[in-house]
Amino acid sequence: MYYQQIDYKPEEILIYLRKSRSDDPLLSVEEVLQRHETILSEWASTHLTAPIPEENIYREIVSGETIEARPEVQKMLKRMESPAVKAVLVVEIQRLSRGDLEDAGRLIKLFRYTNTQVITPQRSYNIDDEYDRDAFERELKRGNEYLEYTKRILSRGRLQSVLEGNYVGSKAPYGWDRGWVTVGKKQCPTLVRNAESDVVVLIFKLCSEDHMSPGAIAKHLDQMGILPRSGKHWNASTIRGILSNPHHNGKVVWDARKTVTTVEDQEILKSRPRNTDGCIIATGRHEALIPDNVFETVQDRLHRHTRESFHKELINPFAGLLYCSCGHAMVYRIYKRPDGSLRSAPRYLCNDSSFCRTGSCTVTELTELVCQILEEHIKAFKVELDQMEDGGTLQKQLEVLTRRKAELEKKEISQWEKYSEEKMPKEVFEFLNRKVLYEKEENQKALDKALAAVPDRTIYEQKIYQFEDAVAALRSGSATAKAKNRILKSCIQRIEYHRGTPKRIKRSSDTLLPVGGRWNSPPIELSVQLKY
């Protein structure tokens with residue numbers, strides 16, 4: 001075992017726990033984390049004076065290959081920015097990340113520039129040291145290589161399993177449950193019909209025999225009181241997905257939505273579009289719920305009524321940001337006359353507007369309201385900057401604590417000098433030295449706490465710049481919707497929209513209509529979640 005000098009208090013150490021692909025697959029996440037926690041607790045009992053506090057333990061339940069996909073490691077890395085954190089304890093280095101070189105570089109920088117050690121039961125790593133940093137980096141790379149190798153092996157195995165007719169999906173489609181079938185001496189994963197299968201048969205019958213559209217079928221099922229697997233009512237897209245699913249025809253599908261990675265404006269984007277040409281369809285081991293002739297008839301009807309999108313470019317600047325208070329996304333709608341001219345101004349309305357009674361709004365109304373909210377935050381940020389320049393209470397407290405730290409260090413040196421020159425009895429020196437050491441420790445705690453609370457000036461300046469840029473883009477007549485969307489996503493996490501149902505205005509023949517026409521629209525309520 002190799003350790004750097006470890007002289008930390010239990011509250012200065014964080015524990016990170018995560019299940020890996022290399023762990024026993026028969027064990028649950030909770031069982032693996034408990035085993036690892038026991039190992040690290042035994043290490044702590046040997047090397048520390050007390051157990052590590054519960055609030056310092058981060059247990060990763062979510063499975064993810066990258067740092068961005070794991071919320072607990074993100075919380076831990078954020079916590080490391082505090083000077084009060086001195087080290088992170090893990091079972092092995094690869095638990096921190098098995099991501100790519102970008103993740104490895106991010107971890108190395110964070111541990112190095114926060115002066116945080118990494119401790120494992122085998123050894124400790126001081127990332128400030130060149131040799132330890134090299135060993136830490138090699139461990140992370142080994143983890144990434146193992147991950148990529150494992151993914152290739154598992155992918156080949158899943159593909160072969162699909163070609164043999166097995167169902168390897170993590171979630172069964174509507175109408176089915178995951179089950180097993182014995183083939184020779186092997187247990188093979190497959191699909192088993194459940195109570196929902198009768199609804200699937202009904203949906204295909206309504207489409208093939210009654211010639212009902214997906215939207216009409218959705219309304220029919222709601223009227224019958226049949227509930228979908230999730231949600232309160234059916235919609236056309238869900239029905240279309242059931243009608244076009246080959247699993248109901250006794251097939252198994254692989255790579256129907258393959259992850260596609262693209263680079264746009266120097267940013268890596270991942271999407272999962274429908275893979276209609278490259279997906280693999282094989283005969284499954286489960287029985288067909290829908291006969292071939294019925295399934296083909298339905299596919300012909302669906303393709304016959306498919307229409308191309310009118311807009312190849314993004315036209316909604318709030319795409320992926322704007323949601324109704326009911327939870328559904330708000331959609332951008334353009335209303336045109338038969339001759340192609342605009343019938344009214346573009347509007348935003350709830351994607352579940354058939355059931356949600358939230359009122360719609362024009363694009364201009366929403367844009368101006370978002371601009372006003374961003375401008376209010378810009379003013380607040382500028383006030384914070386002005387207070388920093390004037391030297392606020394926190395800044396004065398830092399100055400006092402820093403001066404006190406220098407005074408105590410000077411006092412300690414003075415006491416040692418007097419003791420070494422035999423001008424102070426040993427008992428007096430030990431008493432005074434304990435006192436000054438205690439004062440230094442308390443002062444350092446207060447200083448660390450104050451430093452952790454100090455706002456970063458550059459963060460405020462950056463946010464002011466981003467928000468001003470977003471306001472300018474929204475009010476610009478030349479900026480594209482795609483450019484506006486990219487700028488908005490840099491400073492806004494989510495926008496929640498609510499507006500009461502508009503009411504029709506009743507008037508007598510001699511009453512003038514208000515500016516808004518025959519409808520009285522309630523005010524718009526927005527809840528904007530910003531990125532800080």
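Visitor: Buried means under 20% relative accessible area, exposed over 50%, partly exposed in between. What does Arg 404 count as?
Guide: In this predicted model, Arg 404 has 34% relative accessibility, so Arg 404 counts as partly exposed.

Visitor: Which residue does Arg 404 form a salt bridge with?
Guide: Glu 407. The closest N and O atoms are 3.6 Å apart. Both residues sit in helix H10, three residues apart, so about one helical turn separates them. Glu 407 is partly exposed too, at 46%.

Visitor: Is Arg 499 buried or exposed?
Guide: Buried, at 6% relative accessibility. Glu 365 is partly exposed, at 33%.

Visitor: How many salt bridges does the count come to?
Guide: 23. Glu 37, Glu 54 and Arg 59 are linked in a network of them.

Visitor: Switching to the core. Which residues of the largest nonpolar core touch the most other members?
Guide: Phe 318, Tyr 348, Leu 366, Val 370 and Ile 492, out of 35 residues. H9 gives the largest share, nine residues.

Visitor: What is Tyr 348 in contact with, beyond its sequence neighbours?
Guide: Its contacts include Phe 318, Leu 322, Met 330 and Leu 366.

Visitor: And where is Leu 314?
Guide: In the loop between helix H8 and S12. Leu 314 touches Ala 319, Ala 481, Lys 482 and Asn 485, leaving out residues up to four places away in sequence.

Key
Residues numbered from 1 in each chain as written. Predicted model: local features only at pLDDT ≥ 70, side-chain atom pairs only at ≥ 80, totals over all residues. Heavy atoms only, no water. Core = buried A, V, L, I, M, F, W, Y, C linked by side-chain atoms within 4.5 Å. Buried < 20%, exposed > 50% of the residue type's maximum accessible area, 1.4 Å probe, protein only. Helix = DSSP H or I, 4+ residues; strand = E, 2+ residues; numbered from the N terminus. Contact = heavy atoms within 4.5 Å. Salt bridge = Lys/Arg side-chain N within 4 Å of Asp/Glu carboxyl O.
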